[in-house]
Structure formats: structure tokens, C-alpha cells
Amino acid sequence: MEEDVKSIGDYLSIGWRRKYYLIIPVILISIATIVVVKMLPSVYRSTGTILIESQQIPEEFIQSTVTGFAGERIQIIKQRIMTSQQLLGIIKKFDLYADEINSTARSEILEDMRNRISIDRVSANLRSQRRGASALIAFTVSFEHKSARVAQRVANELVT
């Protein structure tokens, strides 16, 4: 029995005969993608990185008054940033929810503001005796908004 071995020319011929079955879905999917992209709102994210520096004065000369690990300190900073009073101050300063402030509950506005803020840890892999060890070297504070300028200003305020 002889095997039917197809060449590249055979496949091109098959594709050419069925060109409308290939072209029409590609065009429809492209148009749908363009429409969805144009309809979605732009969201800008501004991020500030805060470096965690080690103590500069040797421990033999001065006892450290700050106890706790960097992760605990970051958690405290996060709690301070996310307080209602702090967030309301930023909302008023940058007039963030001008349209919703009178019609939406304050708790919903604060929850939306908290969802737009993210605080992430930046770790470095250490090459030491312990394999897979990592150290917390910095953290990032980010804010998302529909305006790039507002996102940058609020992120700068949060970092400050």
C-alpha cells in the first residue's frame, strides 16, 4: 500500500482553497479585540520603591531601640498608610472621588481606595551557607488611577 505523503505545496493548496475559513475568523477576532480595547478605560499605575537600609552605627557602640524585623516594620507602615484618616486626607488633597463623594458611602470609597493601593515586598536572593535564603531589601508602594498624573502624585504622597 502506498502512503499519501503531502508536500508543502499540497498544504498551501489546501489553505488557499479554504482561505475564507481562515481569513474571516481572523478579521472578526481582530475587530472584536480592537473594540474591546477601545472600550476599556485606561488605568495607570505609579510605583515608588523604598529601600530598607541596615543600621550604619555598629551595634557595639549603641543599642538599637528599634526591635523587630523588616517585615514587621513594613506591616506597621502598611497599617498606617491604610488608615481611614490617612486615606481621607489623600482623597481630599487630590480631590479623587469628587463625583462619588456625595452619592456613595464613605466606607465604599475607602474600600475602593484601599484596592487601588498595593504594597509589595522586594527580596534579594542571598548566596550564603543556607541555600534559598532571601533577605527583604525594599518594598514598593503603588497606586492605580485613570489619570497618570494623579496616580504619580498619590503614589508620591503615599511614599512620603
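I looked up Trp16 first: Lys19 lies over the face of its ring, 3.8 Å from the ring centre. A charge counts as over a ring if NZ of Lys or CZ of Arg is within 6 Å of the ring centre and within 35 degrees of the ring normal.

I noted that this is a predicted model, where local features need pLDDT of at least 70, side-chain atom pairs count only at pLDDT 80 or more, and totals for chains, interfaces and linings use all residues. Residues are numbered from 1 along each chain as its sequence is written, and side-chain values use heavy atoms, without hydrogens and water.

I searched the whole structure for aromatic pairs (ring centres of Phe, Tyr and Trp, its six-membered ring, within 6.5 Å) and found 0.

I then read the fold. The protein has 6 helices and 3 strands, in the order α-α-β-α-α-α-β-β-α. Both are DSSP runs, helices (H or I) of at least four residues and strands (E) of at least two.

Next I took helix H4 (residues 84-94) and helix H5 (residues 106-116), which pack at about 85 degrees with axes 10 Å apart. H4 and H5 are therefore roughly perpendicular (65 to 115 degrees). I listed the contacts (heavy atoms within 4.5 Å): Ser84, Leu87, Leu88, Ile90 and Ile91 in H4 meet Arg106, Ile109, Leu110, Met113 and Arg114 in H5. By class, that contact has 7 nonpolar, 1 polar and 2 charged residues.

Last, I checked burial: 20% of the 160 residues count as buried (under 20% relative accessible area, 1.4 Å probe, protein chains only).

Conventions
Axes fitted to C-alpha atoms, helices over the stretch in contact; angles between N-to-C directions. Parallel < 35°, antiparallel > 145°, perpendicular 65-115°, else oblique. Nonpolar A, V, L, I, M, F, W, Y, C, P; charged D, E, K, R; others polar. Phe/Tyr/Trp six-rings, centres within 6.5 Å; stacked < 30°, edge-to-face > 60°. Buried < 20%, exposed > 50% of the residue type's maximum accessible area, 1.4 Å probe, protein only.
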